[in-house]
Amino acid sequence: MTTPVSQETATEPDDLDPDFQSVEDARTRLHRVGYLTDDRLATTAYLQSALGKPLLLEGPAGVGKTQLAQSVAAATGRRLLRLQCYEGQDETKALYEWDYGKQLLYTQMLREKIGDIIADTDDLNSAVERIAAQDNVFFSERFLAPRPLLEAVQSPEPVVLLIDEVDRADEALEAVLLELLAEFQVSVPEIGTFVAQSTPLVLLTSNNTRDLSAALKRRCLHLFLDYPAADRELEIIRSKDTGLADSVAEHLVDVVRTLRTLDLRKSPSISETIDWARTLAVLGVDELSPSVLADTLNVVMKYERDLALATRNIPRLLDPNVDVPESLDHGHGHGHGHGHGHSHTDTADEDGKQARADKDLPGRHDEAYYGSPTAKASPPRQVPTGQGQRSFNRGSARKRPV
């Protein structure tokens, strides 16, 4: 299990080796900059450095994926470049774009020099050819504005490239990343291909809001990060010097872990647990009570529905073994602060499947059911003679409004 602890560095970047030399070296250096790791993550961090492969980090929000990239940069003395992905993002915001303002300025300069350029030409075709030869000036590196991906490739010194929340980007941008992830190069059609001078450490993060392509995953090492174990999360809180007593911090960790078992829209992250610990320390809390939890739950609950559900479960938060009435545990959310936390057990689900299956059994309807193969046709309805005529006459007798 891996967890973030601090962003502070204990060593100047110039004194650091840009690569990890062993698993233990990765663990020690990450711990030195405040990031606690287990064997699995320390091994993965070392292998990424040794193999030079991108690393894809997947898991719920708030488990330290982005913090790992920042800590790797701090531990190796590399510069951190970050591409924050979002829906609708295109390659011009990720790779490069042309500096149109500078191009326009050079166009004005060319207009002033046009006479000198074509002064020794004999005919119109020669003049046009001479002017066309200047086109390459406008599509050169001097007018190229690099974005994080191209900047990572062009950088002469080693860098860490963080591609954050890649699952939020469209599949088109995901396809653009493949060349960089496979060969550490970027192609610019008007100029050519830029190959990385120094192999960057590339880390991609995903909150699993959508499935990533197999092509992208094939190019990366993979690591799934989950919420830490209780003892590790307690260690994090202690390392943050929140000022909270150990006994209260230990109880707080149990409360947070119970919260994560509820049907919440967003479970408390590690950083929010730390914020809660600091909040309780500022308030001088030396024991968790129902009133204390009710007054401070909003520190970690960021949605009204989640806050209402957590508030109803305060007895369970303080004592996981207590029985909470089902009417309180299953709120109906209609936008009025009533949580909608239904939990369907396997038994209930099986009963539902059986009920649906019973509806499809042959012979489930009696002989009076319409469409039964053995049902007898109902006798025709007898309509008294003259009924239609009487209805017509009554309709005709009505006076139309004037």
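**Helix contacts and buried residues**

Glu174 touches Arg210, Leu212, Ser213 and Leu216, leaving aside residues up to four places away in sequence. The model is predicted.

**Glu174**
- Glu174 is part of helix 9, which spans residues 171-183.
- Glu174 counts as buried because its relative accessibility is 3%, and the cut-off for buried is under 20%.

**Helix 11 and helix 12**
- Two packed helices are described by the angle between their axes and the distance between the axes.
- Helix 11 covers residues 230-239 and helix 12 covers residues 246-259; their axes come within 10 Å and cross at roughly 130 degrees.
- Helix 11 is therefore oblique to helix 12.
- On the helix 11 side, the contact involves Ala230, Glu233, Leu234, Ile237 and Arg238; on the helix 12 side, Asp246, Ala249, Glu250, Val253, Val256 and Arg257 take part.

**Helix 13**
- Helix 13 runs over residues 270-282 and has 13 residues.
- From its first C-alpha to its last, helix 13 reaches 19 Å, close to the 18 Å expected at 1.5 Å a residue.
- The buried residues of helix 13 are Ile270, Glu272, Thr273, Ile274, Trp276, Ala277 and Leu280.
- Gly284 follows helix 13 and has a positive phi, near 75 degrees.

Methods. Residues are numbered from 1 along each chain as its sequence is written. This is a predicted model: local features need pLDDT of at least 70, side-chain atom pairs count only at pLDDT 80 or more; totals for chains, interfaces and linings use all residues. Side-chain values use heavy atoms; hydrogens and water are left out. Axes are lines fitted to C-alpha atoms, for helices over the stretch in contact, and angles run from 0 to 180 degrees between N-to-C directions. Helices (H or I, at least four residues) and strands (E, at least two) are DSSP runs, numbered from the N terminus. Angles under 35 degrees count as roughly parallel, over 145 as roughly antiparallel, 65 to 115 as roughly perpendicular and the rest as oblique. Contact means heavy atoms within 4.5 Å. The expected span of a helix is 1.5 Å times one less than its number of residues. Buried means under 20% relative accessible area, exposed over 50%, partly exposed in between (1.4 Å probe, protein chains only).
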